[in-house]
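Thanks for coming. I have one structure to go through, so let me put it up.

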Amino acid sequence: MIICSGQQLAKMYGGNLIFEDIQFEIHEKARVGLVGRNGSGKTTLFRLLAKQETPDTGAIHWKKGCEIGYLAQIPYYPNGRSANDVLKEAFSHLIEIENRMKLCELAISDETVGNTFEQHLKEYGELQEVFSIEGGYEMDANIDRVANGLNISHLLDKAFESLSGGEKTKVCLGQQLLKTPDLLLLDEPTNHLDMSAVDWLSKYLHEYAGAVVIISHDRYFLDETVNRIINLEDGELTNYNTNYTGFVKEKEERLLREFQQYEEQQKKIKKMKETIKRLKEWANQANPPNAGLHKRAASMEKALERMEKLDRPIHHKKMNMTLETTERSGKDAVILTDVSKSFNNIELFNSVNMHIRYQERTVIVGDNGTGKSTLLKIILEELVPDSGEVKVGSNRKVGYLSQHVFSNIANEHLTVIEAFRENVSVTEGEARHILAKFLFYGHAVFRKVKSLSGGERMRLRLAQLMHEDINFLILDEPTNHLDIESREVLEDTLKNYEGTILAVSHDRYFIKLLFNKVYIIDDGKVHFFDGDFEWARKKLIERKQKKQQPPTIEIEKKQEKTIPRTDDSGKIENEIVEIENQLNKMNEELGKVKELNKLQHLYNEKEELEQQRHKLYEKWESLL
């Protein structure tokens, strides 16, 4: 059954047409992903679906009695309301019944009620039945389930007005989930969630009884939650009955077909025009002029006019990013030894050991509040650890992308081009040429930084980074605010970067694509895994299930302190150290060799050693 449908919808803002003549249907229990470039009108369409705005033309129809849940912006709540009170707003009807039940209980226990005793007892019984059927006795359990899943249990007793913007958003998301509306509209629901909360939300939506429509740039999340994609592009909606991965494939195939059909029609039109021209020339050269040939030419001209012309498929411009290193750094980018850090007597982590070498791709993951950004600031030497040592490599030139984009610009009243030239010394003409590659065209370079969206600020900061003299790139949630297309451009650029990369990210697709060394912060410990993220995550779960104190594998310290042992685990540890020593020597040799054949031979040997090391780690962990 259709829960919501739209016909011939059009919407315009400030003289700009967002979309027109679009139509769609959303069925009960549907799982739909709404995708498109930033600014394509996705949020506008959501506001129409949520009845917060009306279309300029066309109409939207909802199933009778359809309840809609949509977190468009953080609502206002009076001072004194806790986060738990906000979550309970989802059960306002049940809370009203519960209050009436309490009044009945007081009346029943009052000996002076006399003849009304039976009346109060009957009302109490009826209220209790409704309260039970509608899940009143599971209300607190449901709140706890959602709060635990979204990792907001620690916020429940706090005043709502004291929470950060991200915390308020998570609480309000929890409220919408608890309301269980017939149509749930989620606009970037994973933006403020860590990985465990995203996993929980994905599973929750699988079991959700109503229809769900999601706007998201998280490609894995879309794959896990939706089975239909609606693409809003150039004011038109296109439907794909598949998940996001299938959509990408089908869209590429469709665009290829459209280009082929367009090219074939253009060839046909060109051939017809040439034929018409020749017929007219032959007709005029005849003596007397040949009326039959003129007639045939006129007939072909009419056929050409009647032909339905195909539009050339639009190829959108993407960011044009290149990231180059000038001078290389030393072989060690940074070394942390037994580093600990606390804030307000609360320990974030202790005894952290990290070793990041030149050209390595390393990622730090962990739940919100575990200290990932703090660890980056210690590496950047912006914070001093409580204990331990931070050793910075020689000739290290850092480029830092903060998750709070442009907090490093003191004056947000600067224009885009002024902000760019604050960091990059180029002429105005060169600056405009560079900014155009990052989709700032024409007068857009004179917009104020304060007026830019999150995605635009990120693009401006990336433009600066691409033209700074750096060899060590530190990224804190770099894919935040970027649409999927921009994320793909960033990923391609980082793949080809020859310097060192250290990142903090919750974007599983981004992590899997680029990183093969993983540090996971969990319970105040930093665990190192030399492998991809999914493997690292699995290994950490296995360790925790064994209920053993998970050791932090410290490769550099092993080389210094490993003592030969007679048991199997000791032998394996020694083999790991031996391979590590070989790999270190090989890395040094790779930096010196220039002959292509010898380089290829060394890389092949290095890959074989890394595979051996990977297997030894698995064998070693199975003995723990």
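I start with the cysteines: the sulfur of cysteine 66 lies 6.9 Å from the closest cysteine sulfur, that of cysteine 4, which is too far for a bond. A disulfide here means a pair of cysteine sulfur atoms within 2.5 Å. Searching the whole structure turns up zero disulfides.

Some notes on the source: this is a predicted model, where local features need pLDDT of at least 70, side-chain atom pairs count only at pLDDT 80 or more, and totals for chains, interfaces and linings use all residues. Residues are numbered from 1 along each chain as its sequence is written, and side-chain values use heavy atoms, with hydrogens and water left out.

Back to the cysteines. Buried means under 20% relative accessible area, exposed over 50%, and partly exposed in between, with a 1.4 Å probe and protein chains only. Cysteine 66 has 13% relative accessibility and so counts as buried. Cysteine 104, at 3%, counts as buried too.

Next, helix H1, residues 42-49. Helices are DSSP runs of H or I of at least four residues, and strands are runs of E of at least two, numbered from the N terminus. How much of H1 is covered? Six of its eight residues are buried, namely Lys42, Thr44, Leu45, Phe46, Leu48 and Leu49. Just after H1, lysine 51 has a positive phi of about 65 degrees.

Last, aspartate 311. Its place is the loop between helix H10 (291-306) and strand E10 (332-343). Aspartate 311 is exposed, because its relative accessible area is 68%.

That is what I have; questions are welcome.
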